[in-house]
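Subject: Structure for you to look at

Hello,

Here is the structure I said I would pass on. Please open it and keep it in view while you read the rest of this message.

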Amino acid sequence: MRIDNDLYQRILGEELRKLRRRRGWTRKELNQHLQSDISLQTLATYELGTRQCSVVRLVELCLAMDELPQDLLARVHRRVFADEPGKVRLDLTRIVADERPELLPLRRWAEGRLRQPGAPREVRLDRAAMSWMAQLCNLTAPELLDRLRAISGVEDD
């Protein structure tokens, strides 16, 4: 299994931002609860996933927001990796943005999923679901996986 560093950083940042917002804090208010002096720009880049933070800094951020670091990392891990082997992670927004004609049935399905209230941007499908999707697109499952990898929003776990 490979780790997509950019995806991991982005999701870690999203989880940090959600945690801060759940507390009802601005970045400035979070900064006031930290031991170290961190610029607001640095906090923003952590939340955007464009800057990596050290383990010590991550622990400091979590503790300032009354979160156990291992709980935050468990959420990130669940979002990045399938909980079960044999599932395929799809980024629905990338599928919708792709214009390959053979993926039209998959694109319509992804659009429908994204229109649902509170729908996640990423989903995990098992092999049977991928096989069914491939049939809808008149492709074999390996052909569909190749096209999805080309979109670069799919990871085979």
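Below is what was found in it, taken one region at a time. Please keep in mind that this is a predicted model.

Two helices. Helix α8 covers residues 127–136 and helix α9 covers residues 141–151. They pack at an angle of about 90 degrees, and their axes are 8 Å apart. Angles from 65 to 115 degrees count as roughly perpendicular, so α8 is roughly perpendicular to α9. On the α8 side, the contact is made by Arg127, Met130, Ser131, Met133 and Ala134. On the α9 side, Ala141, Leu144, Leu145 and Leu148 take part. Sorted by class, this contact has seven nonpolar residues, one polar and one charged.

Two strands. Strand β1 spans residues 87–91, and four of its five residues are buried, so the strand is largely enclosed by the rest of the structure. β1 runs antiparallel to β2, and five bridges join the two. In one of these pairings, leucine 90 has valine 123 of β2 as its bridge partner.

Alanine 119 sits in the loop between α7 (104–115) and β2 (122–126). Apart from its neighbours within four places in sequence, alanine 119 is in contact with Arg113 and Leu114. Arginine 149 is 30 residues away from alanine 119 in sequence, and the C-alpha to C-alpha separation is 22 Å.

Regards

Key
Residues numbered from 1 in each chain as written. Predicted model: local features only at pLDDT ≥ 70, side-chain atom pairs only at ≥ 80, totals over all residues. Heavy atoms only, no water. Axes fitted to C-alpha atoms, helices over the stretch in contact; angles between N-to-C directions. Parallel < 35°, antiparallel > 145°, perpendicular 65-115°, else oblique. Contact = heavy atoms within 4.5 Å. Nonpolar A, V, L, I, M, F, W, Y, C, P; charged D, E, K, R; others polar. Buried < 20%, exposed > 50% of the residue type's maximum accessible area, 1.4 Å probe, protein only. Pairing = 2+ DSSP bridges.
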